[in-house]
Amino acid sequence: MTYVLEGIDLVKVYKTGEVETVALRGVTIRVSPGEFVAIVGPSGSGKTTLLNLLGTLDKPTSGIVIIDGINVTLLPERKLIPIRRKKIGFVFQFHHLIPVLTAVENVELPMLIAGVPRKERRARALKLLEAVGLKGKENRYPHQLSGGEQQRVAVARALANNPKIVLADEPTGNLDSVNSERIAELFKRLKEEFGTAFVVSTHDPIVYERADRRVYIRDGKIIKED
Ligand SMILES: Nc1ncnc2c1ncn2[C@@H]1O[C@H](COP(=O)(O)OP(=O)(O)OP(=O)(O)O)[C@@H](O)[C@H]1O
Ligand SMILES: [Mg+2]
């Protein structure tokens, strides 16, 4: 069995001055290609910390992160940047769309950074917006879209460079149930269509009920999987 993403024995201790917070106490998680995994747990249980470590946005205090067969744990930032760019798409609770760019321009941005030629960029961005159900709204600015639509633009943007892994932190945290369901169904469909693995932190049953697997964490430890 080959995994697209592995976090092994992850420990994370945050230090704020003299105070130490143990956010993760030895978490091991392995994700297969095209798998939709939900990380479920109460506030403060370590979900964001885990996603940050898996996405190489932060380093573990101890433990190992392997992305698509590459042990990235000790790589310096300059080597992490291209790995992140090519292999991982991020979706955050507050989508972080750029307000002065239209929907299609927001989706194009990661491709621009990756050096994809203009025509190809535009064609792919339009295709992705269609895939997330936003055909006809490509030229709107974020403020001209609903919260759910903005979140779908963020999902399309996360897929821009055809990553093997999408990490989403509470992607439905600020959405109503109808839009949450759209996003969750979208993950299911996109994983089938593009073979992308989704690792999604959530307390939302609408999302975790649609996942292939649920990993429950509490106080920085996995307490159950199903
Ligand atoms: N940068 C930081 N510095 C110090 N402590 C932190 C930092 N980030 C998180 N923590 C602490 O680590 C623990 C886990 O936080 P984390 O953000 O991973 O939880 P979470 O499960 O994502 O919570 P939520 O559901 O509220 O987003 C908490 O006790 C939190 O206070
Ligand atoms: Mg969080």
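S4 and S5 run antiparallel and are joined by two bridges. This is a predicted model.

Colleague: Which residue in the turn between S4 and S5 has a positive phi?

Modeller: S4 and S5 form a hairpin, with two residues between the strands. In the pairing itself, Ile66 stands opposite Asn71 in S5. The turn residue with a positive phi, about 50 degrees, is Asp68.

Colleague: What is the strand order of the open sheet of four strands?

Modeller: S1 is joined to S2 by ten bridges, and S1 pairs with S4 over five bridges. S4 in turn is joined to S5 by two bridges. The pairing is antiparallel and the order is S2-S1-S4-S5.

Colleague: Why is one side of S2 and of S5 left without a neighbour in the sheet?

Modeller: Strand S2 covers 19-31 and strand S5 covers 70-71.

Colleague: Which residue in S2 stands opposite Glu6?

Modeller: S1 spans residues 5-16 and runs antiparallel to S2. The residue in S2 opposite Glu6 is Arg30.

Colleague: And which residue in S4 is the bridge partner of Val11?

Modeller: Now look at the pairing of S1 with S4. These strands pair in the antiparallel sense. The bridge partner of Val11 in S4 is Ser62.

Colleague: Which helix packs on this sheet, touching S1, S2 and S4?

Modeller: The helix spans residues 47-54, and its direction makes about 120 degrees with that of S1. It also lies across S3, S6, S7, S8 and S9, running at about 155 degrees to S7. The helix is H1.

Colleague: Which strands are at the edges of the open sheet of six strands?

Modeller: The order is S6-S7-S8-S3-S9-S10, with mixed pairing. On average, neighbouring strands are turned by 20 degrees against each other, direction ignored. An edge strand pairs on one side only, and the two that do so are S6 (88-91) and S10 (221-225).

Colleague: Do S3 and S8 run parallel or antiparallel?

Modeller: S3 covers residues 36-40 and S8 covers residues 197-202. Ile39 stands opposite Ser201 in S8. Five bridges join the two strands, and they run parallel.

Colleague: What angle does the direction of H2 make with that of S6?

Modeller: H2 is the helix of residues 77-87. It packs on the sheet and touches S6 and S7. Its direction makes an angle with that of S6 of about 75 degrees.

Colleague: Where does ligand 1 sit, and which residues come nearest?

Modeller: There are 13 residues around ligand 1. An oxygen atom of the ligand is 3.2 Å from a polar backbone atom of Ser45. The residues that come nearest are Ser43, Gly44, Lys47, Thr48 and Thr49.

Colleague: How many nonpolar residues are in the contact of H4 with H6?

Modeller: From H4 come Lys127, Leu128 and Ala131, which meet Leu186, Arg189, Leu190 and Phe194 in H6. By class, two residues are charged and none is polar. The nonpolar residues number five.

Conventions
Residues numbered from 1 in each chain as written. Chains lettered and ligands numbered in written order. Predicted model: local features only at pLDDT ≥ 70, side-chain atom pairs only at ≥ 80, totals over all residues. Heavy atoms only, no water. Contact = heavy atoms within 4.5 Å. Nonpolar A, V, L, I, M, F, W, Y, C, P; charged D, E, K, R; others polar. Pairing = 2+ DSSP bridges. Axes fitted to C-alpha atoms, helices over the stretch in contact; angles between N-to-C directions. Near = heavy atom within 4 Å. Polar contact = N/O pair within 3.5 Å; in protein donor to acceptor, adjacent residues only side chain to side chain.
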